[in-house]
Amino acid sequence: MSATVILGVIGSDAHAVGITILEQALSTAGFEVVNLGVQSSQQEFITAAEAHEGDAVLVSSLYGHAEQDCRGFHEAIADADLDLVTYIGGNLAVGQDDFDRTSERFREMGFDRVFDSETGPEEAIAALKADMNIAESEAERARLTS
Ligand code: B12
């Protein structure tokens, strides 16, 4: 399997632990992972997706400003002529928001899937495999041969 995932924390957000866990889990599952780290701009995600021929972009946000930070992101992806699966996850709203409403808002912005802060890495991996039509056995083979 050679699916490449661009991962990072968007905006001015400095919460690093979640993406570090995601990076390790995705790598172990056989994905190529480009971890941009914290405080990454929309343009950095797009430049990395172009440079590494990314298949998916996983945006993380914990500090409550995800909506502002992601405004125009999908328009910029379309302008760059990129065909990407896009996920966002973490603590996406300020305070205790109704996650269904939050999810709907980010889906309207163009994200293919929206995950809350209770999401474990295995859920993200299962979603990526489903969205990219990666067979379980293929991923397992890649893991064993890497
Ligand atoms: C540790 C921490 C910090 C540390 C971060 C250290 C570091 N280097 O990472 C420090 C002290 C620096 C910090 C600072 C701040 N923090 Co803070 N922080 C936390 C805390 C306690 C834990 C975060 C964490 O590491 N969790 C553990 C990891 C494993 O979980 P996770 O990040 O949620 O990631 C998992 C899932 O969410 C998911 N996931 C995450 N992203 C994605 C993306 C995708 C695509 C997918 C599929 C899944 C996924 O997968 C991960 C693995 O399971 C949380 C509270 C909490 N319990 O979440 C507050 C919290 C996130 N912080 C908060 C705030 C407000 C701040 C500050 C603004 C505080 C301030 N006034 O200065 C600053 C922001 C600074 C900045 N520029 O970002 C708030 C955010 C509130 C909101 N959204 O409404 C929280 C929720 C605390 C609270 N209850 O108020 N923080």
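I looked up the second largest pocket, which holds about 220 Å³ of space. A pocket here is an open set of points on a 1 Å grid over the protein atoms alone, where a 1.4 Å probe fits, with protein on both sides within 12 Å along at least five of seven lines. The volume is the space filled by probe spheres set on the points, which are joined across faces, edges and corners. Lining residues have an atom within 4 Å of a point, and among them I found Gly90, Asn91, Asp97, Phe99 and Asp116.

The model is predicted: local features need pLDDT of at least 70, side-chain atom pairs count only at pLDDT 80 or more, and totals for chains, interfaces and linings use all residues. Side-chain values use heavy atoms, without hydrogens and water, and I number residues from 1 along each chain as its sequence is written.

Next I took the largest pocket, at about 320 Å³. Of its 19 lining residues, Leu22, Ser60, Gly89, Gly90 and Thr119 are the closest to its centre.

Then I turned to the ligand.

A polar backbone atom of Ser12 is 2.9 Å from a nitrogen atom of the ligand. For Ala14, a backbone N or O atom lies 2.7 Å from a ligand oxygen atom.

Definitions and conventions
A polar contact is a pair of N or O atoms within 3.5 Å; within protein, one must be able to donate a hydrogen and the other to accept it, and residues adjacent in sequence count only if both atoms are side-chain atoms.
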